[in-house]
Amino acid sequence: MHTRDTPRAAAGPIDAPVALSPHEQQVLQGLAAGDALATVAATLKISTDMATSYLRLAKSKLYGMADAPAVIAVAYAFEAIPPPPPRDASGLDLSRAQRDLVPLVAQGMTDIQLAISVNRSENDVRAACRGLLKKLPARNRAHVVTRGWQYGLVTKGQVLAWLH
């Protein structure tokens, strides 16, 4: 499910404030906006290797999350980056199955992990995730987390629950 590069204890106790450097924040904000790491690096006028280093440092501070969606979810939950402005979910046309996937995507689950969690085929999950990208609209899974946060489909309470 959500994977960690380092043990939670190495990152500090859960609920402790997380302080990222401005560069680490900028890299995460670019990823949260749906940009690829190379695009984020170009925008910041730094090398991709430097952006990767900032991302690695941010991951280690954010409880060792390994996947971009999980890193973004944890960063929002601990206000390590500013949360995106809320959006009105009343017109959001997502099926219950798609809504249920969003918090699992935020945990950084792979397609097979998602399929097992929701007891559906991997092909069904892939199709549902493509639908999420289209309906939210989002560029990638990290951006799905941002959109999910905006629509209240991913919450701080959910993130704290799966970190414990």
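Asp 111 is buried, with a relative accessible area of 16%. In this predicted model, Asp 111 forms a salt bridge with Arg 126, whose closest N and O atoms are 3.3 Å apart. The pair links distant parts of the chain, as Asp 111 belongs to helix α7 (residues 111–118) and Arg 126 to helix α8 (residues 122–135), 15 residues apart. Arg 126 itself is partly exposed, at 32% relative accessibility.

Arg 126 also meets Glu 122 in a salt bridge. Glu 122 and Arg 126 are 4 residues apart in helix α8, so about one helical turn separates them. Glu 122 counts as partly exposed, with a relative accessibility of 28%. Through shared partners, salt bridges join Asp 111, Glu 122, Arg 126 and Arg 141 into one network.

The whole structure contains 6 salt bridges, among them the following.

| Salt bridge | Closest N to O distance |
|---|---|
| Glu 24 – Lys 61 | 2.9 Å |
| Asp 111 – Arg 126 | 3.3 Å |

Glu 24 is buried, at 3% relative accessible area, whereas Lys 61 is partly exposed, at 31%.

Turning to the overall fold, the chain has 10 helices and 0 strands. Its radius of gyration is 15 Å, close to the 15 Å that the globule rule gives for 164 residues, so the chain is as compact as a globular protein of that length. Buried residues make up 45% of the 164 residues. Of the contacts with a separation of 6 or more, 71% involve residues 24 or more positions apart.

Technical notes. Residues are numbered from 1 along each chain as its sequence is written. This is a predicted model: local features need pLDDT of at least 70, side-chain atom pairs count only at pLDDT 80 or more; totals for chains, interfaces and linings use all residues. Side-chain values use heavy atoms; hydrogens and water are left out. Helices (H or I, at least four residues) and strands (E, at least two) are DSSP runs, numbered from the N terminus. The radius of gyration is taken over C-alpha atoms; the globule rule is 2.2 Å times the number of residues to the power 0.38. Buried means under 20% relative accessible area, exposed over 50%, partly exposed in between (1.4 Å probe, protein chains only). Contact means heavy atoms within 4.5 Å. A salt bridge is a side-chain nitrogen of Lys or Arg within 4 Å of a carboxyl oxygen of Asp or Glu.
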